[in-house]
Amino acid sequence: MAEKPRNLIFGPFRLEPANAQLWRGSERITLAPKPFDVLCHLAARAGNLVTKDELLEAIWPNLHISESSLSVAMNALRGALQDDPKTPQFIETVTRRGYRFIAPVSVAQPHGAGWQNGESPPARPGAESPQPNFFVGRESPIEELERLFERSLAGKRQLVFVTGEAGIGKTTLVQMFLERVAGRGIPVLLGRCVEHFGTDEAFHPLVEALQERRADVPLLMQMLREYAPTWMVQLPGLLEEDELAELRKEVFGASRERMLREFCDFLEALASRGPLVFVVEDLHWSDFATLDVLSRFARGTRNASLLIIATYRPSDVRIENHPTWKLRLDLQRHGLCAELPVQRLSQSEAEEYLRLRFADERIARELGPPLFARSEGQPLFLVSLVDDLITRRSIVEDDGRWRLAFRAEDAQSCLPVGLREMIEAQIDRLGEEEQRVLETASVDGVEFSAAMLAGPASEEICRVEQICEILARRGMMLRAAGAAEWPNGTIAGRYSFLHGLYQQILYQRLAPGQRAQLHRCLAERLEQGYGDKATDIAAVLACHFEQGREFPKAINYLRAAATNSSQRFSNGEAAAYLRRALNLVNRLPADERLAEKINLLRRLAWVKRSGGDFTGSIKELEAMVSCAAEASDLRSEINGLLDLSRFCLYSDRLQSLQFAERALAKSQDLEDDVLKALVQGSSANINLMLRGWRDEDADLCREVVKTTADAVDPWILLRRRSLDTVTNYLRSNYCESCAAARDGMTLAQALGDQYYFILFNTIFGFALLHLGEWRELRQMVLAALEMTKKNANTQGSVLCHLTLGWLHAEALDFEGAKNYCAEVFDPDVVTNPFAYYIGRNLMAKACLGLRDYAGALAQFEEMQRRVEADGIGMDSTIYPHFQSNLCQYWLEIGDLARAQEEAARLYEISVVPPERTYLALTHRLLAKIAMAAKKFDEARAHVLRAVAIVEQADLPLAAWRVYATAASLHEDAGEPAQAAALRHLSRQIIDRLCESLGEDKHLREKLLAGYCAEALR
């Protein structure tokens, strides 16, 4: 006959072996005896493989039957559970071997009317019960939780903090509540914060909660795909490699803010399907990202049938100044959360516990006062004292009745003074082997796998499992928690301490050297068990190796943990891991320190840049360059200077030039021709952008593009594409610039560099604008804008808005262009000179189009003040646009001398590359100036030059204006046929631009309506 476990809860079901009953909520499910016995046997071994032979022997002992009988019983059982064998939620078939019960199982701890059948449970007191089923003094907090739950059922989201000291019963209280709602089929997500990780491991309890709901994988993946794709990346074991690769492309550029938003959307979507309870335990060890999720959820306004229960110890958060305290105060101040303090038991409640446990009034009356006096009503201490008395046979059972084996008045003298003393006494009474197993387990944490505590041999693991199982059955510090399977195929039982205090006291008993050795041994076992997937648990391994004083490996895994955090778009946490690694560098051999420090500082700089902290990233790079100089590591020093020159390009452009010059000077001593060429090309590229066109700089850039043609390093290819994109754009080779930018965007996406991606996207957009490929431009920028908004990338969104604004301006929708500028003009824009000058130029162009000359002048003056303050001009990609607008302004207000002066400057910067769009526009402006001055021969000469330029290349932005001006000149000269032909050419280009706008009716109408007026300007 199958072993019948205590009452168990899984999913919406409650299994009562002693009563031979299975319940779904208040509905009793009928099962024949053999299927019922199979269920009991499997559920009691949840997570473990149960072979067919074992089932046949257990359910049909001493009978010779075929496997068909087992199949019949299994089919009946699955029918009762409504469990599809193809997508099982409860029982998984292990082909040709047996079955595994895969649903999370908890031991029922009933409390009065919480039982499904309305009956009180039979008392089972005694040492064999690891978690005695008697709970007292919690009626009021349970009722409060149920009241909050009822509010959540009405669609009013609820967040409650359950608070109290260690051992006060927070987890027990939550478990009691969960058992009450379990019969109603309410799904529960459960995550736990871990002391080892603290604030470093972003979203750890939330990811754990999702991973633990493996029975709900199809539903979870469907909901995550729809509402939180960034979170699917955090569950790689549930995705095929190709699916994961595609998903990473989809969530490219994501931010922590996006993950916060998506997780709350996911929770709300789950709650829309039915009520949901989400528990986060031990918030005093929480990472900051998880707290941000709770804050965001609590402040949400949409209806959600969701109750979040978060537990923490107030004393711990106050002592450590953990932000949980401030979060709770802030939410409570705004009426967005509730707090439920768990109090100690009163003496009468302590006596009621004894009465229920021993079913003996005398024991409760005589033993209650001394036990209460010693425990002071602390539940864990009280229960542990009783267990201790039973273990020492001070309370014994005779013929099914309990009695005191000592005088109650002597209890005070024989009881331990404190909880710690009592736990240590319990430990000391264990055997040497049991103590060793528990001490080793304490190093791993509150929850552990038996495989961690043994050597690689399977018989050793079995011995450790046997010890843990005996302790768990006796209720000695441990409980069974399913099974754990490592990537190398190792399967072993998983266990957890009944309370974190047991783990803490055991850990503190270890001598420092012993503790370090155990950490090192556990890390090596985990590393072996995970093999090439060891980086998946990098944070755990880093902690063990760090505590084990194996500092090189600790640094390696801290670096990997930083990478994992970056993949969770949590750059702050990634930076924290790298900082921890930097703090360990001095523990390395002297000859390794500087090289490791250089590597970590550069990674830290890139992480900070990814998080938008340009100032911090520059500081780390400067430290890296200093270390490289100290180590005489010329290559690293130059790479650091190169990074500095690029990072400063969009913050302090004078410094950008200085760093580029330093890198160039240092590169003269390089033997690496490729790196030397890249340094020269990077310096030349920055010169082209900030100092204007010089043929020698352009030649250097082109030479580097050729030199690096066969490179395979993606970062070299990225720089190569950057040079190619900018150089071709400045020469008005727009098609070539587009091709280079497209490749650059693909590379940036593969490398996870959203800043390079947005910069490539912006120049790509500008090139498409000048080519008249406006439909492609609009589609590309709108896609990038959606990405930047999802990812809360303000600077990226600004550049996308400005690119769209420039499109509106060229389509003669000046009011629309102005609106785009107004939408993005905030203090953040001012910090980035690239976005600043694009925005100001666009505003000036819009004001000119609207004949708001005062507004245009204000923009020009503001830009000139910025140039003077910075001590450097605006980017070459923007300057021709500025100069063209400024010349147009002076022309339209009638100051021909100033217009002539600015046109001459525009000619100087356009003729050399040549930038043919603006060179053609220069000749057009000079023709307009000459026409206004009645110098028609001069005007005709400039028109002829402009027409020659636009006829030789595809320059639609200049061409329609050039042809329109040429038509006006011929009309004034009394040459209507030539004027009509030129006007027709101009209109053809406008029609082509209208066609390129696709379905954007508004812009087409604006372009057609504004064409005639603009053609005459």
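**Stop 1: a loop with a cis bond**

Select proline 914, in the loop between α42 (896-911) and α43. Helices here are DSSP runs of H or I with at least four residues, strands are runs of E with at least two, and both are numbered from the N terminus. Proline 913 and proline 914 are joined by a cis peptide bond, with omega at about -5 degrees.

Before moving on, note that this is a predicted model, in which local features need pLDDT of at least 70 and side-chain atom pairs count only at pLDDT 80 or more, while totals for chains, interfaces and linings use all residues. Residues are numbered from 1 along each chain as its sequence is written, and side-chain values use heavy atoms, leaving out hydrogens and water.

**Stop 2: α43 against α45**

Now select helix α43 (residues 916-932) and helix α45 (residues 956-972). Two packed helices are described by the angle between their axes and the distance between the axes. Here the axes come within 9 Å and cross at roughly 25 degrees. That makes α43 roughly parallel to α45. Axes are lines fitted to C-alpha atoms, for helices over the stretch in contact, with angles from 0 to 180 degrees between N-to-C directions. Angles under 35 degrees count as roughly parallel, over 145 as roughly antiparallel, 65 to 115 as roughly perpendicular and the rest as oblique.

α43 passes α45 in a left-handed crossing. Left-handed means that the near helix is turned anticlockwise from the far one by less than a right angle; clockwise is right-handed. Show side chains next. Thr917, Ala920, Leu921, Arg924, Lys928 and Met931 of α43 meet Ala958, Arg961, Val962, Thr965, Ser968, Leu969 and Asp972 of α45. Contact means heavy atoms within 4.5 Å. By class, this contact of α43 with α45 has six nonpolar, three polar and four charged residues. Ala, Val, Leu, Ile, Met, Phe, Trp, Tyr, Cys and Pro count as nonpolar, Asp, Glu, Lys and Arg as charged, and the others, Gly among them, as polar.

**Stop 3: two positive phi values**

Go to lysine 934, in the loop between α43 and α44 (936-952). Its phi is near 65 degrees, a positive value in a residue other than glycine. Lysine 934 is exposed, with a relative accessible area of 62%. Exposed means over 50% relative accessible area, buried under 20% and partly exposed in between (1.4 Å probe, protein chains only).

Jump to phenylalanine 203, in the loop between β10 (188-192) and α6 (204-212). Phenylalanine 203 also has a positive phi, about 60 degrees, although it is not a glycine. Is phenylalanine 203 buried or exposed? It is buried, at a relative accessible area of 0%.

**Stop 4: the largest core**

Select Trp774, Phe834 and Phe860, the residues with the most contacts inside the largest nonpolar core, which has 127 residues. Helix α34 (residues 754-771) gives the largest share of this core, 12 residues. A nonpolar core is a set of buried Ala, Val, Leu, Ile, Met, Phe, Trp, Tyr and Cys residues joined through side-chain atoms within 4.5 Å.

Zoom in on phenylalanine 834. Leaving aside residues up to four places away in sequence, phenylalanine 834 touches Tyr650, Leu759, Thr762, Ile763, Phe766, Leu799, Asp875, Thr877 and Ile878. A second, separate core of 110 residues includes Met452, Tyr502, Leu541 and Ile555.

**Stop 5**

Pick asparagine 841 in helix α39 (residues 833-849). Asparagine 841 is buried, at a relative accessible area of 0%. Beyond residues up to four places away in sequence, it touches Met863, Met874, Ile878, His881, Phe882 and Asn885.

At 4% relative accessibility, asparagine 885 counts as buried. Not counting residues up to four places away in sequence, asparagine 885 touches Asn841, Lys845, Leu848 and Phe860.

**Stop 6: helix α1**

Finish at helix α1 (residues 33-43). Nine of its 11 residues are buried, so α1 is largely enclosed by the rest of the structure. Among the buried residues are Pro35, Phe36, Asp37 and Val38.
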